[in-house]
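This report describes one protein model, moving from a single residue to the chain as a whole.

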Amino acid sequence: MSALAGGIESGPIVPSPASFSDSPLSAALSQPLMLGLFLPLQSGAWSASTLPRTTTWTFDYIAALTRRAEEIGFDLVFGLAEWVRHGGYGGTTRFREESLDPFITASALSAITHRILLISTIHILYGPWHPLHLAKFGATLDHISGGRWGMNVVTGYAPREPAMFGMQKVEHDKRYEMAGEFADMMETLWRSDSDVTHEGQFWRLDGAFVRPRPRFGRPIMVSATGSPAGFAYAGRHSDIAFITSPAGVEIEATLAVLPDHVARLKAAGRACGRELRAIINPMIVCRPTEAEARAYYDAIIAAADDAAVDGYAAHHAAADSKAWSNHRRQDRILGGNVHLIGDPRQVAAWLVRLKLAGCDGVQLTFFDFQPDLEFFAAEVLPLLKQAGVRR
Ligand SMILES: Cc1cc2nc3c(=O)[nH]c(=O)nc-3n(C[C@H](O)[C@H](O)[C@H](O)COP(=O)(O)O)c2cc1C
């Protein structure tokens, strides 16, 4: 970023909340393996299946899940953001037609929780948002939550979404260039002691100022990516990067390729003198025995909402995301990322191996969140403690 008025130069990146020993982010990072819950803010959650379940996107359900995750000891909850047309991705379930906005939801959740980190996905290029908006709103939510709020910066991989805003889709790497300038401007506003005037390539600031200063330098910064341009952005700006398996949903194939993938991500952080953490999203189907877990999985697949699966697959086929390119149609019925289908010992062992492959955390999805989270807490979590990856 070029010189800014008010005596401020572009330059040392704002310290991460991780550099404050008393920040909520530091508390989460003190766990050998961070545990996150990917909240089902969208109808159908991750699975285009009609098998009956309790899971809904309603705020009461989300609030109860978040409180329970905090009680069990989870470190973070996370909400995705998407802009979906009438009918959702189709099918009898109208997959994902309804969803709660994660930014507004995090604000409400911050008032009913105390410790857990709350991460909201935001499409910073849509609207368009201005960096001043999100610097101010972010500082506000940072204070309301006591430094627990994080912004997952995404640039929008689906061509239909910018169209909804009356915008043209921007080319992949240029989106990250724009995101970089956007983040530079927010960081400057969070650290500046005087008014900021700056003519950027994509945005302008003229005498702009933000107070309060976020409690720990800035909110927690997150991004979700699998591409070189996305890794470069994450290296400079993110505390945590959400990654997908470059090998698709199969766990052994994932474990084979993940060490190199994570090493490339972390090298991007080191190139900027920063430590970048990686979190991955396992979809857990766990039952007392492997045969029961397989039967649960088979029942989910047998009840596939075929038109919804096709609609969701077509949505991804039209997009330019690198992160899910190895997902096959059939993988999208259960959905989510790496599939862990087994008994509690198998699931715990795979989670430990994800840690050994370089992941600093896992963000879990389930088919039926409330009962499956309870089963995980009772049967898998104690094994993770025994294995030393959870305190
Ligand atoms: C775990 C995870 C969560 C994501 N959540 C969202 C989301 O909520 N909304 C969205 O538009 N993109 C989301 N993405 C997509 C990424 O932001 C990104 O657009 C996509 O991975 C393509 O970028 P890439 O080519 O750099 O990988 C997510 C990606 C990952 C890995």
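## Gln363 and its setting

In this predicted model, Gln363 is part of strand 12, which covers residues 361–366. The relative accessible area of Gln363 is 1%; the residue is therefore classed as buried, because that value falls under the 20% cut-off.

Which residues is Gln363 in contact with, leaving aside its neighbours within four places in sequence? The contacts include Gly36, Leu37 and Phe38, as well as Leu76 and Phe78.

## The chain as a whole

The protein chain contains 13 helices and 12 strands. Its radius of gyration is 20 Å, close to the 21 Å given by the globule rule for 391 residues, so the chain is as compact as a globular protein of that length.

Values for the protein chain are set out below.

| Property of the protein chain | Value |
|---|---|
| Span of the C-alpha trace along its principal axes | about 65 × 45 × 40 Å |
| Residues that count as buried | 58% of 391 residues |
| Accessible surface | about 14900 Å² |

Carbon and sulfur atoms account for 55% of the accessible surface. Of the contacts between residues at least 6 apart in sequence, 76% join residues at least 24 apart.

How many positive and negative side chains does the protein chain have? There are 37 positive and 41 negative side chains, and the centres of these two sets are 3 Å apart.

Notes. Residues numbered from 1 in each chain as written. Predicted model: local features only at pLDDT ≥ 70, side-chain atom pairs only at ≥ 80, totals over all residues. Heavy atoms only, no water. Helix = DSSP H or I, 4+ residues; strand = E, 2+ residues; numbered from the N terminus. Rg over C-alpha atoms; globule rule 2.2 N^0.38 Å. Buried < 20%, exposed > 50% of the residue type's maximum accessible area, 1.4 Å probe, protein only. Contact = heavy atoms within 4.5 Å. Areas by Shrake-Rupley, 256 points an atom, 1.4 Å probe, with all protein chains shown as cover. Lys, Arg positive; Asp, Glu negative; His and termini not counted. Charge placed at Lys NZ, Arg CZ, Asp CG, Glu CD.
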